Amino acid sequence: MLKQPGHIAPKSGIVRYGKWVVAGLLVGVLFLIGVFDEPVLQALTKFWQSLMASLGLSRSAQTLQQGIDGGITKRFLPAVATYAVLYLSTCLLLLRILLPPAAWRLALRLYAVTLAVYVAMVLLNKLTGNSAWAYRLSRQLLDFIVSPLPVAGLYVLMRAGFGPQGNRS
C-alpha cells in the first residue's frame, strides 16, 4: 500500500492498549503513594537523614528545619520535597501519556504557573512578616497541586475541548 503525503497511519492496537496499561499502572502508583504516604515519608526521612549524616550535614539540616514554621510542615523538609517531586513527576507522566502533545504542554505550563504562585506566596509571606493565614493558604495550594485532582480536572477539561485545538489522539 502506498502512503499518500500527509497521511498518518492509525495507531496499532498494541500501542493504543499499551498506553492505557501504562496509564493504569501510573494511576495505581499515585493511589499507592497517596494511601501509604506516611510509610513513604518515613522511608524518605530515614534516607535523607542518613545521607545528611554521612555527608556531615546533619547540623545544617537541623538548622534549616528549625527555621520552618511548624504549621507548614513538621516533617523533614528534604523528605517532603522528594515526596512532592515523586508525586508531581508521576502526575505529569500520566498526563503526558493521556493527552495530545499540545494539551500536555498547556497542562505543564499550568502546573508551572501554579507552582510559581506557591513559591511567590511563600517568599512574599517571608518578606512581610510570616503571617499564619498566608502560610495556611500556601500550604493548601501545595496540597492541591500534590493531589490527583489537577490530573483528573486537566484530563477532563482537555478532552472536553477546553485545551488547545488540534489533533486529539
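Biologist: How many of the 169 residues of the protein count as buried?

Modeller: Of the 169 residues, 29% count as buried. This is a predicted model, and a residue is called buried when its relative accessible area is under 20%.

Biologist: What makes up the protein, going from the N terminus on?

Modeller: The elements run α-α-α-α-α-α-α. That gives seven helices and zero strands.

Biologist: Why are H5 and H6 called roughly antiparallel?

Modeller: Helix H5 covers residues 101-128 and helix H6 covers residues 132-145, and they pack at an angle of about 160 degrees. Angles over 145 degrees count as roughly antiparallel, and H5 and H6 are therefore roughly antiparallel to each other. Their axes are 10 Å apart, and H5 passes H6 in a left-handed crossing.

Biologist: Which residues in H5 and H6 meet?

Modeller: From H5, they include Tyr111, Leu115, Tyr118 and Met121, while those from H6 include Tyr135, Leu137, Leu141 and Ile145. By class, this contact of H5 with H6 has twelve nonpolar, three polar and one charged residues.

Biologist: Let's turn to the core. Which residues in the largest nonpolar core touch the most other members?

Modeller: Of its 34 residues, those are Tyr83, Tyr87, Leu94, Leu95, Leu99, Tyr111 and Val146. The elements giving two or more residues to this core are H1, H2, H4, H5, H6 and H7. H4 gives the most, with twelve residues.

Biologist: How do you know that Val146 touches residues beyond its neighbours in sequence?

Modeller: Contact means heavy atoms within 4.5 Å. Leaving out residues up to four places away in sequence, Val146 touches Tyr83, Ala84, Tyr87 and Leu88.

Biologist: What share of the contacts with a separation of 6 or more comes from residues 24 or more positions apart?

Modeller: Such residues account for 70% of those contacts in the protein.

Methods:
Residues are numbered from 1 along each chain as its sequence is written. This is a predicted model: local features need pLDDT of at least 70, side-chain atom pairs count only at pLDDT 80 or more; totals for chains, interfaces and linings use all residues. Side-chain values use heavy atoms; hydrogens and water are left out. Axes are lines fitted to C-alpha atoms, for helices over the stretch in contact, and angles run from 0 to 180 degrees between N-to-C directions. Helices (H or I, at least four residues) and strands (E, at least two) are DSSP runs, numbered from the N terminus. Angles under 35 degrees count as roughly parallel, over 145 as roughly antiparallel, 65 to 115 as roughly perpendicular and the rest as oblique. A crossing is left-handed if the near helix is turned anticlockwise from the far one by less than a right angle, and right-handed if clockwise. Ala, Val, Leu, Ile, Met, Phe, Trp, Tyr, Cys and Pro count as nonpolar, Asp, Glu, Lys and Arg as charged, and the others, Gly among them, as polar. A nonpolar core is a set of buried Ala, Val, Leu, Ile, Met, Phe, Trp, Tyr and Cys residues joined through side-chain atoms within 4.5 Å. Buried means under 20% relative accessible area, exposed over 50%, partly exposed in between (1.4 Å probe, protein chains only).
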